[in-house]
Amino acid sequence: MNTIKNYTYEDLVDVLKTYMAPEYIEFINKYYEQAKIIYAGMKRETGEDYIYHPINVAYILADLKMDPVTIACALIHEAITLGKMTYEEVEEMFGTESANIVNSITKISNLKQTFKINNPEKYRRIIVGLSENPATLFIKFADRLHNLRTLRVHDKEHQKYIIDETQNIYIPIAHRLGMKKMKSEMEDLCLQYSETEQYNKVLDRINADKEELEKSLAKMKYEIMQVLDHHNIKYEILSRVKSVRGIYNKLKNGKRWEDIYDLLGLRVLVNTVEDCYRVIGLVQSKYQPVPNRFKDFIANPKPNLYQSLHTTVYGEDKRIYEVQVRTYEMDEIAEKGVASHWSYKEKIDGSVKNNLDRILEQFILLKGILLSCLLELHQ
């Protein structure tokens with residue numbers, strides 16, 4: 001199994017400093033001081049002090065540039081569940097908003113297990129319904145992701161239970177909310193534990209070809225950069241080999257390794273929609289496109305608001321490459337989904353929007369998506 005770094009509170013603060021004003025880090029510190037009291041003397045199955053769990057949950061959310069309240073509540077998210085604080089105590093100490101978030105997490109944690117086993121669709125609807133504040137969902141997803149990262153310390157029976165629940169409950173909701181980054185890691189971790197032999201086979205194949213694949217990607221990236229530089233387009237290019245889970249799914253569905261069209265991928269980020277179409281046109285002019293592989297998700301966004309242009313082309317080395325083109329804003333939404341709307345954002349003058357005004361503003365953006373999620377999960 002891959003080694004997962006265990007982050008400290010100092011690591012969390014280092015990330016927060018990259019995007020958050022000092023006064024908001026001080027705000028979060030107050031929650032951390034209470035967290036030390038809540039989890040004092042408690043240990044996890046890993047043998048570590050329990051407080052490392054909420055710190056790592058908060059770190060996952062900080063990596064998504066979540067707002068101060070969401071980060072802070074992540075640090076005390078089990079206070080009511082563990083019986084260390086009451087709703088009233090959280091409200092008195094940190095306010096109604098934080099108390100509601102922590103209390104919603106407790107309600108979800110206390111749901112009857114029969115919903116998960118006999119009716120996962122109903123359980124998913126209940127989870128979304130109980131999340132009066134989207135921060136509740138984000139914290140629950142981060143909580144589950146960290147539990148998956150440390151799943152190795154549990155016995156096989158518990159591992160199976162967590163994997164089944166994640167695959168049937170959490171991953172489908174994350175998918176519908178467009179939270180690709182978190183969803184992809186949960187999928188890979190579930191595969192590591194549920195299909196360890198197959199996971200390792202795919203990983204070994206990737207590692208065996210790693211040097212060759214990276215050389216191919218670097219060459220293709222350089223060629224595209226030359227084209228874009230020649231046309232004075234401002235851009236950033238990212239490259240990747242498809243995830244183990246993605247390759248496994250393709251192979252499981254009968255694809256041969258050489259027929260996986262998106263094994264090698266490049267993503268071009270630009271400033272404007274106009275540049276998106278210019279770039280995709282230049283790429284398709286230079287390289288032979290694979291028939292029927294062009295997709296325009298800018299003109300026709302996915303229900304979770306995903307937008308991008310996709311094409312698959314043959315490189316000069318005859319390898320197949322998937323090229324995605326999107327704006328920086330589209331990329332943020334593609335990776336974080338609805339979480340991108342909830343991320344901490346400052347005004348141009350450097351101040352932060354009034355908390356209540358900001359919550360109302362973001363809820364307008366999120367309400368329709370959450371309702372759509374409920375309706376889709378009901379079908």
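The model is predicted: local features need pLDDT of at least 70, side-chain atom pairs count only at pLDDT 80 or more, and totals for chains, interfaces and linings use all residues. Residues are numbered from 1 along each chain as its sequence is written, and side-chain values use heavy atoms, with hydrogens and water left out.

**Whole protein.** Show the cartoon. The protein has 18 helices and six strands (DSSP runs numbered from the N terminus: helices are H or I, at least four residues; strands are E, at least two). Of its 379 residues, 50% count as buried (under 20% relative accessible area, 1.4 Å probe, protein chains only).

**Thr150.** Select Thr150 next. It is found in the loop between α9 (134-149) and α10 (156-176). Thr150 counts as buried because its relative accessibility is 11%. Thr150 is in contact with both, leaving aside its neighbours within four places in sequence (contact means heavy atoms within 4.5 Å). Draw a distance to Arg44: the two side chains make a polar contact at 3.3 Å (N or O atoms within 3.5 Å, one able to donate a hydrogen and the other to accept it; residues adjacent in sequence count only if both atoms are side-chain atoms).

**Second largest cavity.** Select Ile224, Val227, Leu228, Leu282, Val283, Lys286 and Tyr287, which line the second largest cavity. Colour α13 (210-230) and α15 (273-286), the elements that give two or more residues to this lining. The lining residues divide into six nonpolar, no polar and one charged (Ala, Val, Leu, Ile, Met, Phe, Trp, Tyr, Cys and Pro are nonpolar; Asp, Glu, Lys and Arg charged; the others, Gly among them, polar). A cavity is a set of points on a 1 Å grid over the protein atoms alone where a 1.4 Å probe fits but cannot get out; lining residues have an atom within 4 Å of a point.

Definitions and conventions. On a 1 Å grid over the protein atoms alone, a cavity is a set of points where a 1.4 Å probe fits but cannot get out, and a pocket is an open set with protein on both sides within 12 Å along at least five of seven lines; lining residues have an atom within 4 Å of a point.
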